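Please look over the sequence and the 3D structure shown here before reading on.

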Amino acid sequence: QNEGLTQRSLLQSRRSSQTSATSQSSKPTISAEEAQRRAYEHYRKSSQNKAFNNERNIKIASYAAAVVVGALGATYASVPLYKLFCQ
């Protein structure tokens, strides 16, 4: 990660010097190798996050199911509890 941060800072400094030097285009052009490296890093990060997202989705689904079961339990328990407390 530290290597990635230093590379980013170098790229940002290069971009700032390129954009100040060129007034034709607002976006600096990057090399094909740089574009390929960025695409690979993005793909790798998204594939690593899939496992985390799956775990998170399962956790959220289990919480939602627990809420539904709890609501149904409260519905069935409401009549006996009403009779117990109010009569």
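## Basis of the report

This is a predicted model, in which local features need pLDDT of at least 70 and side-chain atom pairs count only at pLDDT 80 or more, while totals for chains, interfaces and linings use all residues. Residues are numbered from 1 along each chain as its sequence is written, and side-chain values use heavy atoms, with hydrogens and water left out.

## The chain as a whole

The chain has two helices and zero strands. Both terms refer to DSSP runs numbered from the N terminus: helices are H or I runs of at least four residues, and strands are E runs of at least two. Helix α2 covers residues 32-86.

Of the 87 residues, 2% count as buried. Buried means under 20% relative accessible area, exposed means over 50%, and partly exposed lies in between (1.4 Å probe, protein chains only). The chain exposes about 8000 Å², and carbon and sulfur atoms supply 59% of this area. Accessible areas come from the Shrake-Rupley method with a 1.4 Å probe; for residues, only the protein chains shown count as cover.

Side chains of opposite charge can pair when their charged atoms come close. A salt bridge is a side-chain nitrogen of Lys or Arg within 4 Å of a carboxyl oxygen of Asp or Glu. The structure holds three salt bridges.

Glu34 lies in helix α2 and is buried, because its relative accessible area is 14%. Its side chain meets that of Arg37 in a salt bridge (2.6 Å, N to O). Arg37 is partly exposed, with a relative accessible area of 27%. Glu34 also forms a salt bridge with Arg38 (3.2 Å, N to O). Arg38 and Glu34 are four residues apart in helix α2, so they too are separated by about one helical turn. Arg38 counts as partly exposed because its relative accessibility is 31%.

Arg37 has a salt bridge with Glu41 as well (2.5 Å, N to O). Shared partners in these salt bridges join Glu34, Arg37, Arg38 and Glu41 into one network.

## A nonpolar surface patch

Which residues make a nonpolar surface patch? Val68, Leu72 and Tyr76 make one of about 370 Å². Patches are made of residues with over 30% relative accessible area and no salt bridge; like charges are joined within 9 Å, and nonpolar side chains (Val, Leu, Ile, Met, Phe, Trp, Tyr) within 5 Å.

Leu72 lies in helix α2. Leu72 is partly exposed, with a relative accessible area of 49%.
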